[in-house]
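Biologist: I would like to read this model feature by feature. Could we start with the core and then turn to the sheet?

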Amino acid sequence: MIQAIGLTSSPRKELPPAVDDVSFEARAGRVTALLGAPGAGKTAALGLMLELQRGRGITYFRGRPLHRIPCPAREVGVLLGEVPGHPARTVRGHLRMLCAASGVPGRRADEVLEAVGLVSLRDERLGTLSRGMDRRLGLACALLPDPHTLVLDDPGQGLSAREAHWLHGVLRAHADQGGTVLCTTADPKEAARIADHVVTLEGGRLVADQEAGDFRRTRLRPRVAVRSPHAARLAALLAQEARSAQRSVEVVQEGGNRLCVYGSTCADVGETAFRNGIVVHRLADEVGDMGPGAGAAGGAADEAEPAADGDQPPPAAAPAGEASLSPVPGDRDPYGETGTEDALPAARRGPGRPGRGMRHADHSSGGGDGLPPPVSVRPAPRPLRPVRYEIRRATGVRTGFLVGAGVLLVSALTAVLLARVGHTPQPRLLAAWPRELPLPPAALGAGLLGALAFGDEYRHPALAADRGTVPRRLGLLTAKLLVASVTALVLAVLTIGCDAEVLYLVYGREVVGVPADWLPLSAGWLGLVTGCACAGVLAAGVFRSTTAGVAAVVAVPLLVVPLVHKALDAPSVRTPALLSERLREGLPLGWPFGGERHLDAVLRLIAQPVGGALTLSLAVLLCAYLLTGLRNRVR
């Protein structure tokens, strides 16, 4: 069950708030429609409920606000707008990636695909899906963790009649199984057709909260549509006959030659026109929309008398009724509590009777003003299985494989040209690293792959719904650094092996000899490529841009290395002793397995200008990433 209390969006410049003190309830086992014209505040209300927008109010999902639920995706399935994902990712790959993010088994993706009818399109790319298939995929993403509650923003928009009928059937089936469904729509007829309960918004305010039967009776009343060149005369005659027969008939002249007659039939209207010699161009039964506030007082419009002359509009609707927020008997939340039984609007509680939601508001705001508590933007949850998620994200598209293939091809061609020209040291020849380039192709490729680690798919509700920012979680960052480092190591080894094989095929064995100091050279090569990949990951996370990530990688040899080189070449009075010698002297026992030699090699690599610059850059980027993450948490 959903209980929304006092939802109020933050004020806008010289404009009223998009949502102003909206309270309503969506009960379990029912479909609730949030109805309103475009701009009425439906999407803003959902953003406040899901803690995606700042404002005031509180929303309980089965007795708990969203920030108190350990795994929100398993409680609330969300569909807001289009499905955000890489257009080259397959349907099944996208769902399997979200399975890892939500902590559910990968086989759940196949089950949901079968439920929404996308099994035949499991290998299709997201960019090739039609509007109807995209909405099916969005619903599959919302159903993936098997949530109790579905919150959908206009799910039937742009669908054909057949696809909309299928969608409504899925929502009805979810509600019949005991789930809660809340969806927005701008079509009153659709709301009456699919919903058990209709909440109407207009101008950001709640104007009606009705059961579906009352909504159909008061707002969608049957009517007869008439079009005649003598509409005013026909309206007066219909009103006169209704008054004589003491029947409740309303005649509304909608401008021009069109009439809407409520409480009559086509036969009666046609006979009246025939008897009085009035030409009728159109006569048809319709379902009329009486407007957002119609019937808000419980159908008072049904008892209204028609106007005397038949030319006046129907009486104004009574003020909107209050939202019903009484708890559902027997509907207990999973934590053993009955919902917010006192969370009633102030108008229904009466003075001096604060509810539990209002007491919470006073305590949270630190004062006695009675305002609802502020809505803070909920931090984006990290993937529950970050390493598995990152592997599926990286391997789900062909970008990484294309970058790797391009690096191997460019490296092989560069190595062949360098060997032909000559005067290139053996280590640089195998790495395809001419002196004119700041970095070898393998390091640039690893940096690009690292910079691609953060993408638009992070806007998915399972990770950071509608925030547009990268979630800063150490677990996710660690997974990205780990996957990027392993990818860089594989790319570095393949580059050396591919270059050596091509050189051997073209020039023979004399150009592919193994250097004598191959161990420190190999360690330096692997450290360079891995460091570039990690720098790309960190820079893309800090600046939220793939271009910035690649630029940070290139800036290390072009900008940072000269500065480090100048600092190391500066005159010094003292020369620092080797750390390994000091540790050897301070320890009573020797290093096992010759560990001091490995430590010396690592320190020598860091002491080099390139190694020092890369280490310094990684430290700065990591600190910047952590500081920006802490700043977002403080906010």
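Biologist: Which residues of the largest nonpolar core touch the most other members?

Modeller: Keep in mind that this is a predicted model. In soluble globular proteins, nonpolar side chains tend to be buried together. Here the largest nonpolar core has 47 residues, and Leu95, Leu137, Leu139, Leu152 and Leu171 touch the most other members. Elements giving two or more residues to this core include β3, α3, α4, α5, β6 and α6. A separate second core has 37 residues, among them Trp525 and Leu528.

Biologist: What does Leu95 contact beyond its neighbours within four places in sequence?

Modeller: Its contacts are Ala109, Leu113, Leu137, Ala140, Cys141 and Leu144.

Biologist: Is Leu143 buried or exposed?

Modeller: Buried means under 20% relative accessible area. Leu143 has 15%, so Leu143 is buried. Leu143 belongs to helix α5, residues 131–143. Not counting residues up to four places away in sequence, Leu143 touches Arg108, Val112, Val116, Leu150, Val170 and His174. Leu143 and Leu79 are 64 residues apart in sequence, with C-alpha atoms 9.7 Å apart.

Biologist: Now the sheet. In what order do the strands of the open sheet run?

Modeller: Strands of a sheet pair through backbone hydrogen bonds, either parallel or antiparallel. In this open sheet, 4 strands follow the order β2-β1-β4-β14, with antiparallel pairing. β2 and β14 each have a single partner strand, so one side of each lacks a neighbour in the sheet. β1 and β4 pair over 6 bridges.

Biologist: Which strands does helix α1 lie across?

Modeller: Helix α1, residues 42–49, lies across β1, β2, β4 and β14. Helix α1 runs at about 110° to β1.

How values were computed:
Residues numbered from 1 in each chain as written. Predicted model: local features only at pLDDT ≥ 70, side-chain atom pairs only at ≥ 80, totals over all residues. Heavy atoms only, no water. Pairing = 2+ DSSP bridges. Contact = heavy atoms within 4.5 Å. Axes fitted to C-alpha atoms, helices over the stretch in contact; angles between N-to-C directions. Buried < 20%, exposed > 50% of the residue type's maximum accessible area, 1.4 Å probe, protein only. Core = buried A, V, L, I, M, F, W, Y, C linked by side-chain atoms within 4.5 Å.
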